[in-house]
Structures are given as structure tokens and as C-alpha cells.
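Let's take a friendly look at some ring contacts and a helix pair. Please have the model open as you read.

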Amino acid sequence: GLCQHNEVVRCAVAHAGNDHRLGAQEAPPAIISLYPGTGFEAHVDAIIAGGPLLGYKAEKGAADPKAAAAMPAVCGVEDRNRTAPFPFCGNRFEFRAVGSSQNCSFPIAVCNTIMASGMAALSDLIEGGMCHRDAVAKLFKENRHVIFTGNGYSAEWPVEAKKRGLSNLNTTPLAVATFNSEKAKKLFADMGIFSAEECDAR
């Protein structure tokens, strides 16, 4: 999913206006990563270590206003990290890299495509005889490096992302050049979305 097809997801939000926005102004950086929050991240690590799939509790907390005349404010389940392209927001992931003036149909199509690809990989493992817990744990382990719960604006993150093998396609020309790569063509062909010729045409 997101880990294998990182470049295609970045390509889905590539346009000149977004080049000026990504990495600033409460927009995520051009490095596509997943921010599940520290609680969900710990649950993923527990599954990788052999724990059960179930057990994550999406419990809301309360922020103390430090004022006697004010009630505690209800907080979200996880921090809505504004420096993350895909933060978890309690009951959903948001794709925050889409430009405000951009038609969201293509980014949604790409997100659905990579989700389908990930589910196909999971299905193949289960249909091959692996139990569903072990199949999920295997995919989590193989893709763990796409999870980043730190500050996406920090100077250290691009360096760390490079070590993890995550692309930093910080301009539209760099991003769109990946759309007709052999890997992207195979993804779209396998999912029945675009032919190789249609990838080249875009």
C-alpha cells in the first residue's frame, strides 16, 4: 500500500501551487508517511511482537484548561499531527497533502488503488494458508518504516526518511516523473485502473 507506492501518492498531489505549500503553513512535507499516533503505533508494534489484532482502545482524553472557571476540553483520540501527510484522527485517516484548490477525485482514486493493492497482498497471504493475525503482523513488520510519529518539519526528518527508503519528491517535476515508472504501471494494471499506455499519456 502506502509504503510500496509512496511516489504515486505524492504524484497525486503534485501541482505548482502545492509545491509552495507542502512543508509549511500547517501542511505536511512532501515525504509521504503514516502518522497513526503513539497509541496506535504501540498497538502495531505489539501485533508485530506476537500480540492479538484486537485490543486497541480509541479513548478520548481531556485537556486541563488550568482555570477554575473552565471545564476540561475533550481531546481527540490521537494528536492530529499537522506535519503528517496521513494522520490518524480517532476513527479515520486524513490525507492532508491535497491542495485546497485541487480536485480531490484523483488523490482519492490513488488512495483507493493503493488500499486495494495492500488488501490484495493481505488476501494472498491468507489464501496461501497464513492465519489472519500472522498475515497482518507480517505486513506491519515489512511496512513499519513508513510510520513516523515525529515532527515532519524538523531538519532531521528528511535525513531519517532517506535512511528508511522514503522518497522526498519536493517538486512537481520530480513527482510526476515517477507516474509512469514500471512499478506504477504494474500497480495500475494489476488493479485494473490504467493501462501502461494510459500511464504514459498522463
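The charged end of Arg202 lies over the ring of Phe106, 4.4 Å from the ring centre; a charge counts as over a ring if NZ of Lys or CZ of Arg is within 6 Å of the centre and within 35 degrees of the ring normal. This is a predicted model, where local features need pLDDT of at least 70, side-chain atom pairs count only at pLDDT 80 or more, and totals for chains, interfaces and linings use all residues. Residues are numbered from 1 along each chain as its sequence is written, and side-chain values use heavy atoms, without hydrogens and water.

Phe106 also belongs to a cluster with Phe179, Phe188 and Phe194, linked by ring pairs. Rings of Phe, Tyr and Trp (its six-membered ring) pair if their centres lie within 6.5 Å; planes under 30 degrees apart are stacked, over 60 edge-to-face, and the rest tilted. Eight aromatic pairs are counted by this rule. Here are two of them:

| Pair | Centre to centre | Angle between planes | Type |
|---|---|---|---|
| Phe106 and Phe179 | 6.0 Å | 55° | tilted |
| Phe179 and Phe188 | 5.2 Å | 40° | tilted |

Now for the helices, which are DSSP runs (H or I, at least four residues) numbered from the N terminus. In α3, Val44, Ile47 and Ile48 meet Arg133, Ala137, Phe140 and Lys141 of α5, where contact means heavy atoms within 4.5 Å.

Notes:
Helix = DSSP H or I, 4+ residues; strand = E, 2+ residues; numbered from the N terminus.
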